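Q: I have a structure open and would like to go through some of its local details. Could we start with a side chain and work outwards?

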Amino acid sequence: MTWDDLLNQELKKPYFQDLVAFLKKEDKEKTIYPPKEKRLSCFKLTPYDEVKVVIIGQDPYHNVGQAHGLSFSVEQGDYPPSLKNIFKELVDDLDISYPNTGNLTPWAKQGVLLLNTVLTVEAHQPMSHQQKGWETFTLEVVKELAKKEHIVFILWGNHAKQFKTYLNPNRHFILLAPHPSPLSSHRGFFGSKPFSKANDYLNSHGQKPIDWKLI
């Protein structure tokens, strides 16, 4: 199984053909993030057989130069509020230096699938590509990953927690916490220690832990 296998399978389905047609039209008429060549970056950087951890986001950042196909990651510029809170928890959890980049590509290259539920967005219009087909596709991604064993699923907020239904706690390590957004982070995101817990689980199953430092 590879991500290309899954993509080719989904491409044949009517919902995905509708999604492709929608995106072609949007790309002609509007500014869409991330750019075409980066929309599937999470799959290119984290092959199916290398996935150790899955962090599920909602939809891409919608401002210039931010979204590049990895959930919560920014290619350049200021850190969005949720990412700042993720980094605060990272520093507190692992007692490491505060990251000097918001680009999470080093995590992706180590087996952290940074998956957004919706993979595109119109510039400055959050959630504008909801219910266009991406949700069906990303659910298929999660279902395929659920066939594997010993993956850590980090589900932050109610949106991500909906995927718990498709996971098996006997085969996967499921970490649930409030979303890192400033609106909810104080309700239990801080202090949840997802990074050390993920590494403890990977270690206990003979897998190399993630080096979460970003320097």
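Q: Which polar atom lies 2.9 Å from the backbone oxygen of Lys38?
A: The backbone oxygen of Lys38 has a polar atom of the side chain of Ser41 at 2.9 Å, where a polar contact is a pair of N or O atoms within 3.5 Å, and, within protein, one must be able to donate a hydrogen and the other to accept it, while residues adjacent in sequence count only if both atoms are side-chain atoms. Bear in mind that this is a predicted model, in which local features need pLDDT of at least 70 and side-chain atom pairs count only at pLDDT 80 or more, whereas totals for chains, interfaces and linings use all residues. Residues are numbered from 1 along each chain as its sequence is written, and side-chain values use heavy atoms, with hydrogens and water left out.

Q: Is Ser41 buried or exposed?
A: Ser41 is buried, at a relative accessible area of 11%; buried means under 20%, exposed over 50%, and partly exposed in between, with a 1.4 Å probe and protein chains only. Ser41 belongs to helix α3, residues 41–45, where helices (H or I, at least four residues) and strands (E, at least two) are DSSP runs numbered from the N terminus.

Q: And what is Ser41 in contact with, leaving aside neighbours within four places in sequence?
A: Those contacts are His68, Gly69 and Leu70, with contact meaning heavy atoms within 4.5 Å.

Q: New topic: where is Gln110, and what does its side chain do?
A: Gln110 sits in the loop between α5 (105–108) and β3 (112–116), and its relative accessibility of 26% counts as partly exposed. A polar atom of its side chain lies 3.1 Å from the backbone oxygen of Pro106, and a polar atom of the Gln110 side chain also lies 2.8 Å from the backbone nitrogen of Asp211. Not counting residues up to four places away in sequence, Gln110 touches Lys52, Pro209, Ile210 and Asp211.

Q: How far is Gln110 from Val53, C-alpha to C-alpha?
A: Their C-alpha atoms are separated by 9.2 Å, although the two residues are 57 residues apart along the chain.

Q: What does Val53 stand opposite?
A: Val53 stands opposite Val152 in β5; 4 bridges join strand β2 (residues 53–57) to β5, and the two run parallel, with strands taken to pair if DSSP finds at least two bridges between them. Val152 also has a bridge partner in β6, namely Phe173, and 5 bridges join β5 to strand β6 (residues 173–177), again in parallel.

Q: Which way do the residues of β5 point?
A: Val152, Ile154 and Trp156 point one way from β5 while Phe153 and Leu155 point the other way, and all are buried.

Q: Switching to helices, which residues of α2 are buried?
A: In α2, Tyr15, Phe16, Leu19, Phe22, Leu23 and Glu26 are buried. Seen down the axis of α2, these fall within an arc of 115°, so they line one face of the helix, the arc being that of the directions from the helix axis to the C-beta atoms. On the other side of α2, Pro14, Asp18, Lys24, Lys28 and Glu29 are exposed.

Q: What covers that buried face?
A: The cover over the buried residues of α2 includes α1 (3–11), β1 (32–33), β4 (121–122) and α6 (134–145).
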